[in-house]
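Please inspect the sequence and the structure before reading each solution.

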Amino acid sequence: MPQMAPISWLSLFIIFSISFMLFNMMNYYLYTPKMPKTNLIFKKKNSPMNWKW
């Protein structure tokens, strides 16, 4: 049993590739970024625009 058959290497590569792609897609689509609170957005100071021409 010194070497594995080439079809075995191919099946291992296919299984690894599919599992790797599934893992990456699950991590990408299950990530939910935290949204900033709405009350912090409205607390911005609206400074008057004093144009000096």
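**Exercise 1.** Determine how much of residues 6–30 is helix and how far apart the end C-alpha atoms lie.

*Solution.* Over residues 6–30 the chain is 96% helix and 0% strand, and the end C-alpha atoms are 36 Å apart. Helices are DSSP runs of H or I with at least four residues, strands are runs of E with at least two, and both are numbered from the N terminus. The model is predicted: local features need pLDDT of at least 70, side-chain atom pairs count only at pLDDT 80 or more, and totals for chains, interfaces and linings use all residues. Residues are numbered from 1 along each chain as its sequence is written, and side-chain values use heavy atoms, with hydrogens and water left out. Next, the UniProt record (an unreviewed entry) places the feature "transmembrane region" at residues 6–30; its positions follow the numbering used here, feature names are shortened, and annotations may be inferred rather than shown by experiment. In total, the protein has two helices and zero strands.

**Exercise 2.** Classify the aromatic pairs of the structure, of which there are two.

*Solution.* Rings of Phe, Tyr and Trp (its six-membered ring) pair if their centres lie within 6.5 Å; planes under 30 degrees apart count as stacked, over 60 as edge-to-face and the rest as tilted. The structure holds two such pairs. In one, the ring centres of Phe16 and Phe20 are 6.0 Å apart and the planes stand at 20 degrees, so the pair is stacked. Both residues lie in helix 1 (residues 6–29), four residues apart, about one turn of the helix. For Tyr28 and Tyr29, the centres are 4.9 Å apart and the planes are at 85 degrees, so this pair is edge-to-face.
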